[in-house]
Amino acid sequence: MSNLALARRVGLTPTPCQERVKRLERDGYITGYTARLDPVRLDLGLLVFVQVTLDRTTTDVFGHFAAAIRSFAAVTECHMVAGGFDYLLKIRCRDMADYRRILGDELGSIDGIAQTHTYAVMEEIKAETALPV
């Protein structure tokens with residue numbers, strides 16, 4: 001959204017609006033800007049969520065897992081969770097064959113994974129990047 005459109009939306013003139021945005025950036029409230037890409041047009045139409053359970057819950061195993069996951073481009077999100085498993089991964093890939101390769105070659109290469117459970121998304125109902133502020 002342009003600064004002019006934002007200023008109109010929040011009821012300010014453009015100059016104070018731009019100053020507030022710069023302050024929000026400087027203070028860390030705004031951490032960046034992104035483009036929303038169409039995964040289907042980019043041949044990344046399969047979305048899967050993967051529950052990962054580690055064989056041990058030690059600092060070194062957590063660190064090793066986190067470092068490995070950061071290197072895999074297909075993993076778009078990784079969250080350590082409380083509950084019946086340790087991590088929840090969001091993975092974007094071409095198709096099920098591509099996912100099987102990722103599961104075997106990438107996730108399978110990480111020492112310390114005891115088990116995984118995969119959930120293929122049939123329909124994406126809501127996918128927002130905005131925060132509810």
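Where is Asp95 placed? It sits in the loop between S3 and H4. We will come back to that residue after some ground rules.

This is a predicted model, where local features need pLDDT of at least 70, side-chain atom pairs count only at pLDDT 80 or more, and totals for chains, interfaces and linings use all residues. Residues are numbered from 1 along each chain as its sequence is written, and side-chain values use heavy atoms, with hydrogens and water left out. Helices (H or I, at least four residues) and strands (E, at least two) are DSSP runs, numbered from the N terminus.

Back to Asp95. At 37% relative accessibility, Asp95 counts as partly exposed. The cut-offs are these: buried is under 20% relative accessible area, exposed is over 50%, and partly exposed lies in between, with a 1.4 Å probe and protein chains only. A polar atom of the Asp95 side chain lies 2.8 Å from the backbone nitrogen of Asp98. Leu44 is 51 residues from Asp95 in sequence, yet their C-alpha atoms are 7.4 Å apart in space.

Next, Asp43. This residue is in the loop between H2 and S1. Asp43 is partly exposed, at 44% relative accessible area.

Now the core. In general, nonpolar side chains in soluble globular proteins tend to be buried together. A nonpolar core here is a set of buried Ala, Val, Leu, Ile, Met, Phe, Trp, Tyr and Cys residues joined through side-chain atoms within 4.5 Å. The largest one has 20 residues. Val50, Phe65, Ile69, Leu89 and Ile91 have the most contacts inside it. Two or more residues each come from strand S1 (46-54), helix H3 (59-70), strand S3 (87-93) and helix H4 (96-106). S1 gives the most, with 5 residues.

Take Leu89. Contact means heavy atoms within 4.5 Å. Leaving aside neighbours within four places in sequence, Leu89 is in contact with residues including Val48, Val50, Phe65, Ile69, Val75 and Leu107.

Stay on S3 and look at Arg92. Is Arg92 buried or exposed? Arg92 is buried, because its relative accessible area is 15%. Its side chain makes a polar contact with the side chain of Glu124, at 3.0 Å. A polar contact is a pair of N or O atoms within 3.5 Å; within protein, one must be able to donate a hydrogen and the other to accept it, and residues adjacent in sequence count only if both atoms are side-chain atoms. Not counting residues up to four places away in sequence, Arg92 also touches Pro39, Leu44 and Thr76, among others.

Last, pockets. On a 1 Å grid over the protein atoms alone, a pocket is an open set of points where a 1.4 Å probe fits, with protein on both sides within 12 Å along at least five of seven lines; lining residues have an atom within 4 Å of a point.

The largest pocket has a volume of about 1,100 Å³. Of its 24 lining residues, Leu24, Tyr29, Ile30, Gly32 and Tyr33 are the closest to its centre. H2 gives the most to that lining, with 7 residues.

The second largest pocket has a volume of about 540 Å³. Of its 15 lining residues, the closest to the centre are Leu37, Pro39, Lys90, Arg92 and Thr129. Strand S2 (75-80) and S3 each supply at least two residues of that lining.

Technical notes:
Grid points are joined across faces, edges and corners, and a volume is the space filled by probe spheres set on the points.
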